[in-house]
Amino acid sequence: MTETLLDKDGVRLTVEGDTATVTLAVPAKRNAQSPAMWRMLTEAGRVLPGTVRVVVLRAEGPSFSAGLDRQAFTPEGFDGEPSFLDLARGTDDEVDAVIGAYQEAFTWWRRSDVLTIAAVQGHAVGAGFQLALACDLRVCADDVQFAMRETSLGLVPDLAGTKPLVGLVGYARALEICATGRFVHAAEAERTGLANLVVPAAELDGAVADLAAALLAAPRDAVVETKALLAGAAARSHEEQQTAERAAQTRRLRDLAGLAD
């Protein structure tokens with residue numbers, strides 16, 4: 001049975017068993033993003049039941065997300081929201097706090113207790129690219145087009161996407177992608193690790209469902225420990241990583257033997 005927990009401002013959260021689906025649901029605007037959408041994405045992470053193990057991020061329509069809604073750059077901005085021009089007039093601390101709140105929509109996807117999969121079709125531009133990067137894994141349709149267009153607007157990518165991008169493709173390629181704003185198509189995305197899997201667009205939902213089922217096949221605690229090990233590996237020395245492996249395995253062995261604290 002599927003339960004809808006959230007459906008507001010272009011974000012819908014549904015849960016079925018141990019799998020949740022977060023859907024961007026503004027297809028008429030190619031799922032262009034706004035501060036209201038970011039608040040609902042943040043809320044989706046907050047209300048996610050503890051029983052959920054896999055979260056699928058998908059989007060309605062031909063595009064995953066065309067990026068930031070350009071209305072943000074108009075003097076009037078969005079109804080009930082400060083425009084970006086108003087934001088620019090704030091103090092450094094005020095601007096920092098606002099951007100920090102926006103980033104929350106993009107950061108919870110990497111938390112250790114869930115595995116997250118982005119199902120990406122069509123355009124994933126700017127904020128859309130960064131939202132796909134927020135997830136642990138990306139399954140892409142063969143029509144996918146990633147681009148980081150912030151520099152063309154005189155801005156920088158600031159929605160928590162720069163670190164995962166560098167981690168996936170390396171510094172030099174990440175710099176080139178961001179500085180030029182060029183499109184990364186499906187073949188390059190798969191070759192460079194941006195996409196875990198590329199499939200025909202008609203097969204996207206099925207491929208994501210198959211991957212989710214495979215992720216759910218292993219015991220939850222083992223997957224949680226493994227994700228934490230891999231997520232922290234880049235920041236640790238070899239010796240520190242080995243120590244972390246030993247500690248995690250000790251916990252798993254004791255749990256399996258019924259000797260956990």
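Predicted model: local features only at pLDDT ≥ 70, side-chain atom pairs only at ≥ 80, totals over all residues.
Two strands are taken to pair if DSSP finds at least two bridges between them.

Strands E2 and E3 form a hairpin with two residues between them. Gly 17, which lies in the turn, has a positive phi of about 65°. Strand E2 covers residues 11–16, and its pairing with E3 is antiparallel, over six bridges. Within this pairing, Thr 14 stands opposite Thr 21 of E3. Strand E3 is also joined to strand E4 (residues 54–59), again by six bridges, but here the two strands run parallel. Val 54 in E4 is the bridge partner of Thr 19.

Strand E3 spans residues 19–24 and is mostly covered, with six of its six residues buried. In a regular strand, side chains alternate between the two faces of the sheet. Both faces of E3 are covered. On one side Thr 19, Thr 21 and Thr 23 are buried, and on the other Ala 20, Val 22 and Leu 24 are buried as well.

A further set of three strands forms an open sheet in the order E6-E8-E9, with mixed pairing. Strand E6 (123–125) and strand E9 (184–185) stand at the edges; each has a single partner strand, so one side of each is left without a neighbour in the sheet. The pairing of E6 with strand E8 (residues 145–147) is parallel and runs over three bridges. Gln 145 in E8 is the bridge partner of His 123.

Helix H4 comprises residues 127–134 and contains Ala 132. This residue counts as buried because its relative accessibility is 0%, and the cut-off for a buried residue is under 20%. Ala 132 and Arg 173 are 41 residues apart along the chain, and their C-alpha atoms are separated by 18 Å. Arg 173 also belongs to a network of salt bridges that links it with Glu 176, Arg 182 and Glu 188.

Side chains of opposite charge can pair when their charged atoms come close. A search of the whole structure finds 13 salt bridges. One of the salt bridges is formed by the side chains of Lys 29 and Asp 69, with an N to O distance of 2.5 Å. This pair links distant parts of the chain, 40 residues apart: Lys 29 lies in the loop between E3 and helix H1 (35–47), and Asp 69 lies in the loop between E4 and H2. Lys 29 counts as partly exposed, with 41% relative accessibility, whereas Asp 69 is buried, with a relative accessible area of 10%.

A salt bridge is also found between Arg 251 and Glu 225, whose closest N and O atoms are 2.8 Å apart. This pair, too, links distant parts of the chain, with Arg 251 in helix H10 (residues 238–256) and Glu 225 in helix H9 (residues 220–233), 26 residues apart. Arg 251 counts as partly exposed at 44% relative accessibility. Glu 225, at 17% relative accessibility, counts as buried.

Arg 111 and Asp 113 form another salt bridge, in which the closest N and O atoms are 2.8 Å apart. Arg 111 is partly exposed, its relative accessible area being 26%. Asp 113 counts as partly exposed as well, at 27% relative accessibility.

In the patch of negative charge, Asp 92, Asp 93, Glu 94 and Asp 96 gather. Asp 92 is found in helix H3, which runs over residues 92–107. Because its relative accessible area is 69%, Asp 92 is exposed; the cut-off for an exposed residue is over 50%. The nonpolar patch is formed by Phe 73, Leu 153 and Leu 155, which together have about 230 Å² of accessible area. Phe 73 lies in the loop between E4 and helix H2 (84–88). At 31% relative accessibility, Phe 73 counts as partly exposed.

Conventions
Residues numbered from 1 in each chain as written. Heavy atoms only, no water. Patch = residues over 30% accessible without salt bridge, like charges linked within 9 Å, V, L, I, M, F, W, Y side chains within 5 Å. Areas by Shrake-Rupley, 256 points an atom, 1.4 Å probe, with all protein chains shown as cover. Salt bridge = Lys/Arg side-chain N within 4 Å of Asp/Glu carboxyl O. Lys, Arg positive; Asp, Glu negative; His and termini not counted. Charge placed at Lys NZ, Arg CZ, Asp CG, Glu CD. Helix = DSSP H or I, 4+ residues; strand = E, 2+ residues; numbered from the N terminus. Buried < 20%, exposed > 50% of the residue type's maximum accessible area, 1.4 Å probe, protein only.
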